[in-house]
Amino acid sequence: MVVSSALCIFSLLALVQAQSESQQPKIQLRLAGDKRKHYEGRLEIFYNNEWGTICDDDFSIEAAHVACRELGFLGAVAWSPSAKYGHGEGRIWLDNVHCTGREKSLADCPSNGFGVSDCRHSEDVGVICNQKRIPGHRFINTMSNDVETLEERVEEIRIRPISSHLKHIPVTEGYVEIKERGKWRQICDEEWTPLNSRVVCGMYGFPREKNYNNKVYKSLSMRKRKNYWGFSVNCTGNEVHLSSCRLGKPLEPKRNGTCGRGLPVVVSCVPGRAFAPSPSIGYRKAYRPEQPLVRLRGGANIGEGRVEVLKNGVWGTVCDDNWNLKAATVVCRELGFGSAKEALTGAKLGQGMGPVHMNEVECSGFEKSLTDCYFNNDALGCSHEGDAAVRCNIPAMGFQKRIRLSGGRNPYEGRVEVLTEKNGSLVWGTVCSENWGMIEAMVVCRQLGLGFASHAFQETWYWAGDASTENVVMSGVRCSGTEMSLPQCLHHGKHISCPKGGGRFAAGVSCSDRAPDLVLNAPLVEQTTYLEDRPMYALQCALEEKCLSSSAKKNDHGSYRRLLRFSSQIHNVGQSDFRPKMGYHAWTWHECHRHYHSIEVFTHYDLLSLNGTKVAEGHKASFCLEDTQCDEGIQKRYLCANFGEQGITVGCWDTYRHDIDCQWIDITDVKPGDYIFQVVINPNYDVAETDYTNNVMKCKCRYDGYRIWTYQCQIGGSRSSDMDEYLGMSNQLHFR
């Protein structure tokens, strides 16, 4: 009798649970709005045959977790109130949603009830999901709407090359396959369009698609049994990932494994010129490649950076008002990359300089250049704190598989080891550290996808690596800094020459995802330039520190030197503080001036003839790197007094006044004429920066023997190359 009662109670509970589940409202979720990543957006809900939004009142990270898992992601990273992704339309279906985080669906969470809300669309909630998918997740469609995306159904997507293309790098052509419930499946091409191919190519780092030899694939498909996915795909061409496309109609499976008259989908993509086997194969831009209209600056890795556009010969930035994935993708494709992974706002990749050329950019997504998009010329209210940036999809080149860091305390540092071919087999070995410097270290960190270099090491005895890899396999490495991998730099090839050998003298690096960026205030230099005749008896310390021309050694104390004086104000507009390369213990004490030099040569000052020949020079050691002043809201961190910490904080600047020693060029021996006045910060690349081109400032200069005029001062990289040539200037550094 007791057993019978227990069974009755169990049956009753099961019946109540089944009725509860059957009465549970059926919903579907999607991410919409002004998205900057495909895994974020305004949270929208489909209920009662109508899409609507969710109010941010009482919303929580637990509710975001439930929503993201329902969409097939591992969970949520964050949620955003106040219509961050734009105002939605239609009904506000849910308000005052309270989730514990354990619910299977947002519909299981208590709320005011569907359609019961006192909110406006200015309170629409958004979520940022973990970009990783739930393995084996499968969305069960119970809705009658026709706007379901692949987001809920797809675990992974790949381009599978045929055997004859397996060794091609990058993989630009092959079958498009979708992983569903752990199995790879082909897509039937009956409903496939070029817009779908455009999306696939974009997500794999290619700017556009092209036609392919259909006969080869038709012949192959006849021989092998296919395993088709059960749906067609419907893309607009603007999606940054195939999983954001809408599902097309379901396909009826055929007994013989075919899809009607169709074949498996194949895509063929055109690589950007930087990734092509030869320049002739790569995608060419619509404008002449010698002078691009758009560029990226300040990015730690390939295919990312602050967006800058050229207008009237002057480079400027883009304001982040309305900046979104469509506009970012136009930039990425224009520069030979794929679609955008991320549209960054708030100067996330550093502040630019010069004018803000574009504001409120609106693109259709199909423009050839960002300059073809609609935009507002009026940048009123925009500052460099709102500079827009992008991160683009780039092709898988396999660079990271051929280099590694060994022995470091963390994955960001260690002895550099490269994979090379020796006697017909691949072996790991070290890199000779002779002439190894920051530029070479930058290339290594970029190749590894670890950002910028923070240090370049010529001794690595303290990093115990594998003894079998100590042999030097690469020597004579000299990089320009633009290479994507170390083998692209100049090196000795098979003829290794490394007098010190590997082992403790192998090259090493440490990497960082952030770096400073120093820029000189050019107008201040132009405004403060003047001449001073100074007696030699007041220049003895300067003579000792080699701040005068060599002829000064022959002068007696009663003679005079003619000095071109000026003030310099050096701003840090990067992403991390600028710190001296060496610590306190290695600073050099100068008795005459009675101060330490934290960097022996911090700036070079030169007077050049119009053909670039040096006619007079000077240099400035960093005896005191400190925060003279900072932007509003930024606290000073570095002060030289009492042997304090030295550096320049992000958003601060260090001022060297015109009236201090060595803040000059000795032009005593210079004849009257027209010259170029040049200042170079961090000339020996002692400290890593996000951009070295803007470390150079050049001015036109006229000297009549008594007075000097300095005009048209400009920072390297701030103008078009045509303009630089007109001024007799080059933005490239030539010290190596």
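What share of the 736 residues in the chain is buried? Buried residues make up 54% of them, where buried means under 20% relative accessible area, exposed over 50%, and partly exposed in between, with a 1.4 Å probe and protein chains only. The model is predicted: local features need pLDDT of at least 70, side-chain atom pairs count only at pLDDT 80 or more, and totals for chains, interfaces and linings use all residues. Residues are numbered from 1 along each chain as its sequence is written, and side-chain values use heavy atoms, leaving out hydrogens and water.

The chain has 9 helices and 40 strands. Helices (H or I, at least four residues) and strands (E, at least two) are DSSP runs, numbered from the N terminus. Of the contacts with a separation of 6 or more, 70% join residues 24 or more positions apart; contact means heavy atoms within 4.5 Å. The chain exposes about 35000 Å², and carbon and sulfur atoms supply 50% of that area. Accessible areas come from the Shrake-Rupley method with a 1.4 Å probe; for residues, only the protein chains shown count as cover.

Confidence was examined next. pLDDT is the predictor's confidence in each residue, from 0 to 100. The chain averages 83, and 87% of the residues score at least 70. Over residues 140-150, pLDDT stays under 50. Residues 722-736 also stay under 50. Where pLDDT is low, the predicted coordinates should not be read in detail.

In helix H6 (residues 438-448), 11 of the 11 residues are buried. Among them are Glu-440, Arg-446 and Gln-447. The cover includes strand S21 (403-407), strand S22 (413-422), strand S24 (452-457) and strand S26 (508-512). Just after H6, Gly-449 takes a positive phi of about 75 degrees. Helix H5 is largely enclosed by the rest of the structure, because 9 of its 10 residues are buried. These include Leu-325, Val-330, Val-331 and Cys-332. Asn-324 caps the N-terminal end of H5, with a side-chain oxygen 3.2 Å from the backbone nitrogen of Lys-326. Just after H5, Gly-336 has a positive phi of about 90 degrees.

Aromatic rings were then searched. The whole structure holds 18 aromatic pairs. Rings of Phe, Tyr and Trp (its six-membered ring) pair if their centres lie within 6.5 Å; planes under 30 degrees apart count as stacked, over 60 as edge-to-face and the rest as tilted. Phe-275 and Phe-337 form an edge-to-face pair, because their ring centres are 6.0 Å apart and their planes lie at 65 degrees. Phe-275 lies in the loop between strand S13 (266-270) and strand S14 (294-297), and Phe-337 in the loop between helix H5 (325-334) and strand S17 (340-344), so the pair ties together parts 62 residues apart in sequence. Phe-275 is buried at 3% relative accessibility, and Phe-337 is buried at 12%. Elsewhere, Phe-457, Trp-461, Tyr-462 and Trp-463 form one aromatic cluster.

Charges also sit over rings. Arg-158 lies over the face of Trp-184, 4.1 Å from the ring centre. The charged end of Arg-295 sits over the ring of Trp-315, 4.2 Å from its centre. The criterion is NZ of Lys or CZ of Arg within 6 Å of the ring centre and within 35 degrees of the ring normal.

His-384 lies in the loop between strand S19 (374-376) and strand S20 (389-392). His-384 is buried, at 16% relative accessible area. Its side chain reaches the backbone oxygen of Gly-354 at 2.7 Å. A polar contact is a pair of N or O atoms within 3.5 Å; within protein, one must be able to donate a hydrogen and the other to accept it, and residues adjacent in sequence count only if both atoms are side-chain atoms.
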